[in-house]
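I opened this notebook to record what I looked up in a structure that was new to me. The entries are kept in the order in which I made them.

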Amino acid sequence: MTHRTQVAIVGAGPAGLLLGQLLHLNGIDSVIVENRSREYVIDRVRAGVLEQGTVDLMKAMGVSAGLERAGLRHEGVYISFLGQRHHINFPELTGGKAITVYGQNEVVRDLIDARLETSRPLYFEAEDVSVGDLDSTTPTVHFRYDGAEQEVRCDFIAGCDGFHGICRPSIPAGVLAIYERIYPFGWLGILAEAAPSSEELVYTLHERGFALFSMRSPKVTRLYLQVPPDESIDNWSDDAIWDEMLRRMTTRDGWKPNIGRITQKSVTPMRSFVAAPMRYGRLFLAGDAAHIVPPTGAKGLNLAASDVLVLGRALKGFYGRGSMEWLDEYSDLCLRRVWKAQRFSWWMTSTLHRSPDETAFDHQRQIADLDYLTSSRAAMTSLAEQYVGLPAEVSFESAGLKA
Ligand code: FAD
Ligand code: PHB
């Protein structure tokens with residue numbers, strides 16, 4: 001079967017779904033093709049922190065009802081080291097900005113509901129997805145659905161299929177420059193049925209390594225522990241996980257996470273990765289398909305959202321004014337913000353984790369870094385403005401949204 005659309009979107013993660021909605025609001029037709037099932041995409045436990053700009057974008061796109069009902073507004077974070085927690089207040093340092101804790105699962109669930117309401121096509125469980133004719137004016141996406149071969153002919157393809165997708169590898173060898181850093185550690189993450197014992201996140205550097213206290217709701221705590229990158233989750237009984245969490249997180253004033261039944265656990269390796277440019281011919285990469293950050297700065301999902309804003313504007317420019325100008329700017333505009341988020345995520349990661357190859361000097365420097373951070377208003381302001389999110393490169397109005 002052959003379909004014709006304006007924009008074919010590969011991947012129904014946050015990037016693909018947000019783009020579909022933004023195009024819909026601008027009257028631009030799209031087809032979204034996802035290789036996993038709807039349940040799989042929704043149940044995948046991942047990000048939790050939304051920048052102010054991501055929340056504002058979802059509001060402007062009319063997909064914020066769930067977020068406004070169940071999202072937890074956080075006005076700061078704690079940085080903990082040498083057994084003491086230090087608070088960083090966001091609104092005070094950023095002119096009123098904050099972050100919102102709302103699971104990526106919920107974001108994706110809300111966006112799928114919004115997509116289905118538009119009645120525009122969204123294929124789950126598409127098999128053998130491939131893209132072609134990328135340097136022509138009618139690129140194609142092929143896949144199999146319900147046993148039948150499908151071809152989507154379009155004007156543009158948005159590669160929103162994440163780090164392990166097929167879009168980036170479909171670009172001919174030698175076109176992309178790859179910038180990469182692999183870290184000598186990973187995160188063991190758990191979800192626990194335990195009321196959060198702190199109203200805000202706690203990032204801890206402990207002698208035994210990094211730990212992070214986060215949450216998903218007033219009844220669910222989300223916790224992370226630095227472990228070796230190839231650590232098997234089978235090596236960690238629930239009791240061993242709680243022992244290590246408490247050892248690293250308990251502060252001298254007696255604060256510690258509440259313990260509860262562990263409902264999910266997994267290990268994720270960490271890397272920084274950028275592919276540039278984020279475009280080849282009529283294929284535009286967005287989100288994790290083009291770049292990965294280590295999760296310490298909570299930037300991945302937010303970068304996907306800011307890429308989409310720039311791409312939505314560029315496609316609106318093409319269909320509204322017949323101009324390629326904003327599409328030609330797309331990669332450079334995105335990469336400016338991407339590299340600043342890369343720098344921030346690398347800095348948060350290297351300041352808060354213990355490296356197997358670090359020296360005693362390196363560790364003392366880390367402590368001094370954190371001591372400076374938590375005692376200097378200038379340093380706290382720098383962290384706060386990056387954590388709540390640096391400004392988008394383009395305005396909401398230029399992408400067809402009301403601010
Ligand atoms: P994805 O979410 O990966 O979506 C890509 C989609 O494409 C998927 O649905 C996939 O199934 C689909 N796909 C793949 N291959 C194909 C194919 N061949 N054909 C069709 N479809 C395909 N970010 C934050 O901002 N804040 C956080 O607090 C945070 N915490 C994190 C914690 C962890 C443990 C992890 C792992 C990540 C975290 N992130 C965080 C990062 C965030 O989850 C990602 O950056 C985000 O999911 C990127 O969205 P995306 O849509 O670009 O890619
Ligand atoms: C999360 O809640 O999953 C989370 C929070 C902050 C991070 C990373 C992940 O930096």
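Predicted model: local features only at pLDDT ≥ 70, side-chain atom pairs only at ≥ 80, totals over all residues.

**Entry 1: strand β13.** I began with β13, which covers residues 156–159. I asked which way its side chains point. F156 and A158 point one way, whereas I157 and G159 point the other way.

**Entry 2: the partners of β13.** I looked next for the strands that pair with β13. Strand β2, residues 7–10, runs parallel to β13 and is joined to it by four bridges. Within this pairing I followed V10 and found G159 of β13 as its bridge partner. Strand β20, residues 283–285, also pairs with β13 in the parallel sense, over three bridges. Here A158 stands opposite F284 of β20.

**Entry 3: the surroundings of ligand 1.** I turned to the ligands and asked how many residues surround ligand 1. The count is 33, and the closest are E34, R44, Q104, D288 and L301. By class, I recorded 15 nonpolar, eleven polar and seven charged residues in this shell.

**Entry 4: polar contacts of ligand 1.** I looked up the polar contacts made by oxygen atoms of ligand 1. A backbone N or O atom of L301 lies 2.7 Å from one such oxygen atom. For A15 the contact is likewise through a backbone N or O atom, at 2.9 Å from an oxygen atom of the ligand. R46 places a polar side-chain atom 3.1 Å from an oxygen atom of ligand 1. Taken alone, ligand 1 exposes 1000 Å², of which the protein buries 90%. The elements that give two or more residues to its shell are α1 (14–25) and α8 (300–321). The largest share, three residues, comes from α8.

**Entry 5: the surroundings of ligand 2.** I repeated the search for ligand 2 and found 14 surrounding residues, the closest being Y203, S214, R216, Y224 and P295. Eight residues of this shell are nonpolar, three are polar and three are charged. Strands β15 (201–206), β16 (209–217) and β17 (220–227) each supply at least two of its residues. I noted β16 as the source of the largest share, three residues.

**Entry 6: polar contacts of ligand 2.** I then asked which distance separates the side chain of S214 from ligand 2. An N or O atom of that side chain is 2.6 Å from an oxygen atom of the ligand. For Y203, a polar side-chain atom lies 2.7 Å from an oxygen atom of ligand 2. R216 also has a side-chain N or O atom 2.7 Å from an oxygen atom of ligand 2. Alone, ligand 2 exposes 280 Å², and the protein buries 97% of that area.

**Entry 7: aromatic residues.** I finally searched the whole structure for aromatic pairs and recorded 18. One of them joins Y203 and F210 in a tilted arrangement, 6.3 Å centre to centre with 45° between the planes. Both Y203 and F210 are buried. These two residues belong to one aromatic cluster, together with F90, W187, Y224, F344, W347 and Y387.

How values were computed: Residues numbered from 1 in each chain as written. Chains lettered and ligands numbered in written order. Heavy atoms only, no water. Buried < 20%, exposed > 50% of the residue type's maximum accessible area, 1.4 Å probe, protein only. Pairing = 2+ DSSP bridges. Near = heavy atom within 4 Å. Polar contact = N/O pair within 3.5 Å; in protein donor to acceptor, adjacent residues only side chain to side chain. Areas by Shrake-Rupley, 256 points an atom, 1.4 Å probe, with all protein chains shown as cover. Nonpolar A, V, L, I, M, F, W, Y, C, P; charged D, E, K, R; others polar. Phe/Tyr/Trp six-rings, centres within 6.5 Å; stacked < 30°, edge-to-face > 60°.
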